[in-house]
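Subject: Structure for your review

Dear colleague,

Please find below the structure that I am handing over to you.

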Amino acid sequence: MNEFELIERIFAQMQAAPSLCSTAEARNVEKGIGDDAAVMSLPVGARLVSCIDTLVQGRHFSADWQQVDKLAFAIGYKAVAVNVSDIAAMGATPHSILLALALPERLANEQWLTEFAKGLFHACQLFDVTLIGGDTTRSDKLVLSVSAQGLLDAGTPAVYRSGARVGDKIYVSGSLGDAAYALQHPDNAAGIELAHRLHMPTPRIALGAGLGTIGATSMIDISDGLYQDLGHICEQSAVGMRIYLEQLPTSKALASVDLSERLLCQLAGGDDYELAFTLPAHIEPPTDNNSNTPVTCIGEVIAVNKADAATNVRPEIFYQGLAVTPTYPAPFPNWPNLTGYQHFAG
């Protein structure tokens, strides 16, 4: 049996296990795995929402082969979760995924592939999505591309980055900075406690879908860092933002970390996969979103000069009532680099 036959057998076994994934029939999939392309029938009036994300060994997870062996389950899980998070950030409901797997020969073995597939199908089960197709090839390093599809019901608006308005309140879900700290400190007590936030993020599906129905004006999932991702909303919406550092939601484990390091993880660390969104001031955020996900107000949307709106607008940050600036960087010892994750940085 060659590696491609092994992959096909393991995935077929997982696909056939009703406890591990949604059935194709239940998701209106007319043709899934086994043909040149998948075919889906959509409910009347529904709109299709699509995204794709690529995870590369040495860039998005460890280049160390021992870590790749150890984290097979988590890699499979996260490949699904990060895409489902993008669907949630549009206010849509996840539906299905396609997987392109570039696999090194050393990972084409029963043990690694089984653990990877278990993680992937565990995520499919949790988030109610179906694997409907994909492709496999050989590679020198592990590369995974997942394309996710979601649905918006008739009459349900999509939530874009471009709708924030002056006077809106800014909210985030969950807690921030946990994954970044775990990545930077994998061996200390807080980093070990927070490792699950890095390897097994929780996309906020129910919250995202609910926000679309109550009038959220903009939304984004926090993948590259809060400061950078809110900057995308600022640019798309031609607005500014004011963020209050004391209000950033913090987990118990991260609260024990030095303040400036903690805030840097929260503002620029990335990999949170929480939702950042804006609501008109008169609309309260949902308190019952079927997942008990807490939401926290961290600031408000403000006006910017029209000349500035077309440039690289970034949020203003405040601490204890004072603006944090290069000349007054407190609570940081020096003005921090808040650019967040840069895919093409050196």
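Two strands are said to pair if DSSP finds at least two bridges between them. Please bear in mind throughout that this is a predicted model.

With that definition in place, I begin with strand β10. In β10, T278 is the bridge partner of S218. Strand β8 (residues 218–221) is joined to β10 by 4 bridges, and the two run antiparallel. Strand β7 (residues 169–173) is likewise antiparallel to β10, again with 4 bridges joining them. Here A276 of β10 has V172 standing opposite.

How many of the residues of β10 are buried? The count is 5 of 5, so that the strand is mostly covered, a residue being buried when its relative accessible area is under 20%. L275, F277 and L279 point one way from β10, while A276 and T278 point the other way.

The loop between α11 (259–268) and β10 (275–279) contains D272. This residue is buried yet has no salt bridge. Leaving aside residues up to four places away in sequence, D272 touches S175, L176, G177, D178, A179, R197 and I222.

I turn next to the aromatic rings. A search of the whole structure finds 4 aromatic pairs. One of them is formed by Y244 and F318, and is tilted, with 6.0 Å from centre to centre and 55° between the planes. This pair links distant parts of the chain, since Y244 lies in strand β9 (residues 240–244) and F318 in strand β12 (residues 316–319), 74 residues apart. Y244 is partly exposed, at a relative accessible area of 22%, whereas F318 is buried, at 13%.

The last topic is the cysteines. A disulfide is a covalent bond between the sulfur atoms of two cysteines. How many disulfides does the model contain? The count comes to 0. For C234, the nearest cysteine sulfur is that of C297, 15 Å away; because a disulfide requires two cysteine sulfur atoms within 2.5 Å, C234 is in none. C234 is buried, with a relative accessible area of 0%. C297 is also in no disulfide, and counts as partly exposed at 27% relative accessibility.

Yours sincerely,
A colleague

Note on methods: Residues are numbered from 1 along each chain as its sequence is written. This is a predicted model: local features need pLDDT of at least 70, side-chain atom pairs count only at pLDDT 80 or more; totals for chains, interfaces and linings use all residues. Side-chain values use heavy atoms; hydrogens and water are left out. Rings of Phe, Tyr and Trp (its six-membered ring) pair if their centres lie within 6.5 Å; planes under 30 degrees apart count as stacked, over 60 as edge-to-face and the rest as tilted. Buried means under 20% relative accessible area, exposed over 50%, partly exposed in between (1.4 Å probe, protein chains only). Lys and Arg count as positive and Asp and Glu as negative; His and the chain ends are not counted. A salt bridge is a side-chain nitrogen of Lys or Arg within 4 Å of a carboxyl oxygen of Asp or Glu. Contact means heavy atoms within 4.5 Å.
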